[in-house]
Amino acid sequence: MGILRRIFGISKRKRDDSFMEWIRKDADDDGDFPDRYSGNNYSSQSRPTSFSDLLKLKESHPWVAACVDRISSTMAAIPWRFLTRTKEGKWVEVPGDYPWDDLFEKPNRQQTWDAFMRQLWDFMGLTGNAPIEIVRDEDGNPIALYCLRPERFGFKSDPKKYVSEYTYEVETGRASTKIAPENILWLKSVSTLGDYWGVSPLLAGINALTLDFYAVAVNKADIKDGQKVGDAYTFEDGLGKPGKHRFEADLRSKHSGPENIGKSIVLDDGQKIDRAPMTRYDVHYENLRKMTREEVLACYAMPPAMVGLFGISGAPGIREQRSIFYENVILPRLLL
């Protein structure tokens with residue numbers, strides 16, 4: 001696996017061409033989610049301010065959570081083997097105990113290997129960046145691995161060395177700790193617009209996610225209110241001001257709120273109700289949610305059955321979808 005080769009045999013990357021000056025900016029945790037993507041600053045040389053929002057999506061959007069969790073849990077469940085090449089050029093498993101067996105059972109004091117891999121691939125799935133710090137002994141051998149949070153990770157670019165040093169904030173806003181380049185393994189997705197930061201797989205579907213958040217918010221407000229705005233009640237004989245107030249109070253108490261959804265309204269003689277017509281939003285709400293779901297799955301190349309969506313028209317069988325998942329989603333990540 002690509003990670004192993006770079007942890008235990010890291011070669012320094014060198015670039016002779018010049019790069020843009022790097023300007024460090026602190027991550028901003030305030031502001032409305034959709035407004036973060038009004039500008040195309042994601043792949044600039046500064047730390048992307050959208051990282052904090054992207055990391056929160058696993059706790060706020062069901063299909064993002066399902067896709068990221070499926071990938072990270074599968075990657076964490078893959079058994080690791082140490083191989084060596086024979087004189088004949090064949091790869092065979094190393095017999096007996098290997099020097100780094102303990103490291104791959106417990107990479108640091110706080111995490112098991114499973115927890116470490118889940119965190120690493122959560123960061124990759126949400127932000128496209130997963131920096132790993134390698135702690136070494138006096139002889140330079142790895143003794144611990146730590147997955148660093150992307151929104152606290154930074155670097156100092158260099159026109160010849162590519163990166164002269166890395167920095168990390170143990171807590172956001174506090175002074176940064178400097179880390180030598182040889183002690184960082186930075187996994188990232190390829191970006192076509194930036195020389196440093198990887199690109200989140202969700203960035204292509206960010207407009208759909210924004211619409212989905214708005215759609216849920218509007219629908220939630222409708223359900224909470226319990227009645228559609230715009231319904232008109234007419235009375236042939238009139239009610240007068242006191243009667244109008246009593247009718248409005250009775251309507252709110254008996255026919256608003258989620259517990260009263262579906263209850264019938266009984267009108268006396270001479271009273272009529274004109275229902276407001278369905279809006280374009282009402283008609284397309286379900287289709288909008290499905291569209292968002294499909295776009296999120298497309299961002300991860302995720303077959304529907306792998307996140308619990310069965311019987312979708314046109315989708316291959318479950319066995320075929322499972323093969324597609326391992327071939328198109330898992331295998332490329334093993335080669336990073």
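Residues are numbered from 1 along each chain as its sequence is written. In this predicted model, local features need pLDDT of at least 70, side-chain atom pairs count only at pLDDT 80 or more, and totals for chains, interfaces and linings use all residues, while side-chain values use heavy atoms, with hydrogens and water left out.

**The sheet**

Helices (H or I, at least four residues) and strands (E, at least two) are DSSP runs, numbered from the N terminus. Two strands are taken to pair if DSSP finds at least two bridges between them.

S5 pairs with S6 (residues 162–168) over 6 bridges in the antiparallel sense, and a hairpin of 3 residues joins S5 to S6. Phe-153 has Tyr-168 in S6 as its bridge partner. S6 and S7 run antiparallel and are joined by 3 bridges; the bridge partner of Thr-167 in S7 is Lys-178. S6 is mostly covered, with 5 of its 7 residues buried (under 20% relative accessible area, with a 1.4 Å probe and protein chains only).

Axes are lines fitted to C-alpha atoms, for helices over the stretch in contact, and angles run from 0 to 180 degrees between N-to-C directions.

| Helices | Angle | Axis distance |
|---|---|---|
| H2 (residues 51–60) and H5 (residues 113–127) | about 115° | 9 Å apart |
| H3 (residues 62–77) and H9 (residues 318–334) | roughly 65° | within 11 Å |

H2 passes H5 in a right-handed crossing, that is, with the near helix turned clockwise from the far one by less than a right angle. Contact means heavy atoms within 4.5 Å. Phe-51, Leu-54, Leu-55, Leu-57 and Lys-58 of H2 make the contact with Asp-122, Phe-123, Leu-126 and Thr-127 of H5. By class, this contact of H2 with H5 has 6 nonpolar, 1 polar and 2 charged residues. Ala, Val, Leu, Ile, Met, Phe, Trp, Tyr, Cys and Pro count as nonpolar, Asp, Glu, Lys and Arg as charged, and the others, Gly among them, as polar.

H3 passes H9 in a right-handed crossing. On the H3 side the contact is made by Arg-70, Ile-71, Thr-74 and Met-75, and on the H9 side by Phe-325, Tyr-326, Val-329, Ile-330, Arg-333 and Leu-334. The contact of H3 with H9 has 7 nonpolar, 1 polar and 2 charged residues.

How values were computed
Buried < 20%, exposed > 50% of the residue type's maximum accessible area, 1.4 Å probe, protein only.
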